[in-house]
Amino acid sequence: MVLNEPYEAEALNIHRTCSIGVTLIEPCKDSSEEIMKRLDLALYDVKHRNRNAVGLFDPAMQARVDLRAWLDSNIPAGIIANEFIPYYQPKINSEGRCIGAEALIRWFHPQKGLISPGDFIPIAEEIGLIGVLGKEVLRKVCIQMAEWKKRGPLEDLEVSINVSALQFQ
């Protein structure tokens, strides 16, 4: 490949690489803007992975970009709308008795239903909202524990909460 060969210019040894984005099109259906978006995604993907290669657009790329954009705009709205809730996973001792629980954050969106923490937690960390989410979960867990304390049999229940490493910083 000629592009891959180093050359000298002004006493500098220069090495080029070539990354190419490729997409399939339907000329009568796809707009030029849509084609360019897909080419950009394919090119971004190949540059992100290893450079100096050809990247073929895959509709899953667009789905990831769309999900990311949706999460970026809906996480703050979900916090305001009180859609993030703790779910409790019981901790059972060797005698089969419940000795505690682990509070796990879940997002129940009114239209999308339950959204996986694997989808929203990394984005919340990236956009700087993981601390707000963590405080909200802690607040809700404390309220729940106060309720359990009033009821008697659950008053000694220990609850653990996972905390993002970013919250410690």
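Guide: A residue is buried under 20% relative accessible area, exposed over 50% and partly exposed in between (1.4 Å probe, protein chains only). This is a predicted model, in which local features need pLDDT of at least 70 and side-chain atom pairs pLDDT 80 or more, while totals for chains, interfaces and linings use all residues. Residues are numbered from 1 along each chain as its sequence is written, and side-chain values use heavy atoms, with hydrogens and water left out.

Visitor: What makes the nonpolar surface patch?

Guide: Y87, F108 and L114 make a patch of about 300 Å². Such a patch joins nonpolar side chains (Val, Leu, Ile, Met, Phe, Trp, Tyr) within 5 Å, while like charges are joined within 9 Å; its residues have over 30% relative accessible area and no salt bridge (a side-chain nitrogen of Lys or Arg within 4 Å of a carboxyl oxygen of Asp or Glu). Areas come from the Shrake-Rupley method with a 1.4 Å probe.

Visitor: Why are F84 and F120 called an edge-to-face pair?

Guide: Rings of Phe, Tyr and Trp (its six-membered ring) pair if their centres lie within 6.5 Å; planes under 30 degrees apart are stacked, over 60 edge-to-face and the rest tilted. By this rule there are 5 aromatic pairs. For F84 and F120 the values are 5.2 Å and 65°, so the pair is edge-to-face. The pair links distant parts of the chain, 36 residues apart: F84 is in strand β5 (residues 84–92) and F120 in helix α3 (residues 117–126).

Visitor: How do you know whether F84 and F120 are buried or exposed?

Guide: F84 has a relative accessible area of 2% and F120 one of 0%, so both count as buried.

Visitor: What makes the largest nonpolar core?

Guide: A core is a set of buried Ala, Val, Leu, Ile, Met, Phe, Trp, Tyr and Cys residues joined through side-chain atoms within 4.5 Å. The largest has 20 residues, and F84 and F120 are among those with the most contacts inside it. Helix α4 gives the most to this core, with 5 residues.

Visitor: Why does K112 count as sitting over the ring of W70?

Guide: The rule asks for NZ of Lys or CZ of Arg within 6 Å of the ring centre and within 35 degrees of the ring normal. The charged end of K112 is 5.1 Å from the centre of the W70 ring and sits over that ring.

Definitions and conventions:
Helices (H or I, at least four residues) and strands (E, at least two) are DSSP runs, numbered from the N terminus.
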